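Here are a few notes to read alongside the model. Have it open while you go through them.

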Amino acid sequence: MQTQVPAGLPESANFARQVELNRTIEGEYPLQKFTRLGESLVSSEGEVRVKMEFGYSVGYACFKAKVSATLLVECQRCLQPMEIEVSGRFKFALVHSEDEFELLPEEFEPYLLEGEEQSIIDLIEDELLLSLPMVYAHENACSDFMSRQQKEIEAEKEASHPFAALKALKADSTKTNKD
Ligand SMILES: [Zn+2]
């Protein structure tokens, strides 16, 4: 199981510096790095494909990023594991204060620079959490599972039926005896 970020893939970076360097960060981060996301998953095995391109756009220091992953989650209908594909694209401009938010062209989301380095892991995780669908359920396999489950419930009901029938019979016979 891969738990370490591959060599050359930073977990954090000075974003302003990456813009100066016109740097592209591309690779696969292990899903296990994203612990908040992990709470919504059945398994944290796998990778998140990431591409971040730093540079200038219409005079703004910014970065574009793409994230995608195949996640194993619990089907909201039958509670069995299911795979979903999530992906997101976003474009952030680096800002130094909240006052700058309103000055940004609409195409950008503000990314507030704080501290020496910024966490790439947190950024990717936020975007993945946002791209999780609100509702997910199996398309076809789920109905198979549901009908199987339904049969099991019915079988259980039937199994408990003889006992109920016996009870009714007993009550009946008591009555008969009294008469
Ligand atoms: Zn299902």
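1. First, the ground rules. This is a predicted model, where local features need pLDDT of at least 70, side-chain atom pairs count only at pLDDT 80 or more, and totals for chains, interfaces and linings use all residues. Numbering starts from 1 along each chain as its sequence is written, and side-chain values use heavy atoms, with hydrogens and water left out.

2. Salt bridges come to five, counting a side-chain nitrogen of Lys or Arg within 4 Å of a carboxyl oxygen of Asp or Glu. Arg36, Asp122, Glu125 and Asp126 are linked in a network of them.

3. Take arginine 36 and glutamate 125: their closest N and O atoms are 3.2 Å apart. Glutamate 125 is buried at 2% relative accessible area, while arginine 36 is partly exposed at 36%. The cut-offs are under 20% for buried and over 50% for exposed, with partly exposed in between (1.4 Å probe, protein chains only).

4. Arginine 36 also forms a salt bridge with aspartate 126, with 3.0 Å between the closest N and O atoms. Aspartate 126 sits in helix α3 and arginine 36 in helix α2, so this pair ties together parts that are 90 residues apart in sequence. Aspartate 126 is partly exposed, at 34%.

5. Glutamate 107 and lysine 91 make another salt bridge, the closest N and O atoms being 2.6 Å apart. The link runs from the loop between β5 and β6, where glutamate 107 lies, to lysine 91 in strand β5, 16 residues apart. Both are partly exposed: glutamate 107 at 42% and lysine 91 at 22%.

6. Glutamate 102 is in that loop too, between β5 (81–95) and β6 (109–112), and is exposed at 76% relative accessible area. Have a look at the surface there: Glu98, Asp99, Glu102 and Glu114 gather in a patch of negative charge. Patch members have over 30% relative accessible area and no salt bridge; like charges are joined within 9 Å, and nonpolar side chains (Val, Leu, Ile, Met, Phe, Trp, Tyr) within 5 Å.

7. Finally, glutamate 83 is in strand β5 and exposed, at 61%. Its C-alpha atom is 6.5 Å from that of threonine 70, 13 residues apart along the chain.

Definitions and conventions:
Areas by Shrake-Rupley, 256 points an atom, 1.4 Å probe, with all protein chains shown as cover. Lys, Arg positive; Asp, Glu negative; His and termini not counted. Charge placed at Lys NZ, Arg CZ, Asp CG, Glu CD. Helix = DSSP H or I, 4+ residues; strand = E, 2+ residues; numbered from the N terminus.
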